[in-house]
Amino acid sequence: MRKVMTRFGRGALAAVAAGGLVLGLAGSAHASSNATAYVYGPNSARLGTAYFQADPYDVPEPGRPDYPGDAIRACDQVPGDGYGVQAQLDIIGNNKPIDRRADGTGAQCSGWVTGDIDEETKVRVRACQLLNGTLRECGDWSSGRA
C-alpha cells in the first residue's frame, strides 16, 4: 500500500509542478487583443462592423492585403440603404473621447486608419450608423489591447 501512495504522491507532485510552470508562462505572454464591434439599423439588421487590429498580420498569399497593427477600419454591410458605418477607437486613459475614426460606405470597407499605440494599452472600439454623412446611433463598445 505504501508503494501505491508513493507513486500517486509523485504523480500528483509532478502535475502540480507542471501546472505551476504553465501558469507562470501564461503570465508573461504578450497580451494584445483585437476587437470587433457591430451596429444595427432601425429594423435590427446588422448595418456594419468596426474592427481593431492590434498587431500587424502579414498574409503570405498574393493578391491579399497585409493588415497593419494598431489600426481600425469600418465595413458597411448593406448596399443601397443610405447608411454607412463609422468605426471609432478610444484609447483608454488619455482623456480624449475618440482618438481615431474610419468611415465605410456603399457596402464597402474603409482603408485601415493607423497610428502607433504603446504596447499593452487598453482600447475600445465601436461601430456607429452614418446616414447621409450624419453620425447617428452607435453600438456597444468592444475592448481590445494594443
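Which residues does Asp-99 touch, not counting residues up to four places away in sequence? They are Leu-89, Asp-90, Ile-91 and Asn-94, where touching, or contact, means heavy atoms within 4.5 Å.

This is a predicted model, in which local features need pLDDT of at least 70, side-chain atom pairs count only at pLDDT 80 or more, and totals for chains, interfaces and linings use all residues. Residues are numbered from 1 along each chain as its sequence is written, and side-chain values use heavy atoms, with hydrogens and water left out.

The protein has one helix and nine strands, in the order α-β-β-β-β-β-β-β-β-β from the N terminus. Helices (H or I, at least four residues) and strands (E, at least two) are DSSP runs, numbered from the N terminus. Of the contacts with a separation of 6 or more, 57% join residues 24 or more positions apart.

Asp-99 itself is in the loop between strand E4 (83-91) and E5. Its side chain reaches the backbone nitrogen of Ile-91 at 2.7 Å. The side chain of Asp-99 also makes a polar contact with the side chain of Asn-94, at 2.6 Å. A polar contact is a pair of N or O atoms within 3.5 Å; within protein, one must be able to donate a hydrogen and the other to accept it, and residues adjacent in sequence count only if both atoms are side-chain atoms.

Next come the aromatic rings. The structure holds one aromatic pair. The ring centres of Tyr-67 and Trp-112 are 5.6 Å apart and their planes stand at 80°, so the pair is edge-to-face. Rings of Phe, Tyr and Trp (its six-membered ring) pair if their centres lie within 6.5 Å; planes under 30 degrees apart count as stacked, over 60 as edge-to-face and the rest as tilted. This pair links distant parts of the chain, 45 residues apart: Tyr-67 is in the loop between strand E2 (46-53) and strand E3 (71-76), and Trp-112 in the loop between strand E5 (100-104) and strand E6 (113-114).

Tyr-67 counts as buried because its relative accessibility is 19%, while Trp-112, at 23%, counts as partly exposed. Buried means under 20% relative accessible area, exposed over 50%, and partly exposed in between (1.4 Å probe, protein chains only). Buried residues make up 34% of the 146 residues in the protein.

Two arginines lie over ring faces: Arg-46 over Tyr-38, at 3.9 Å from the ring centre, and Arg-124 over Trp-141, at 4.0 Å. A charge sits over a ring if NZ of Lys or CZ of Arg is within 6 Å of the ring centre and within 35 degrees of the ring normal.
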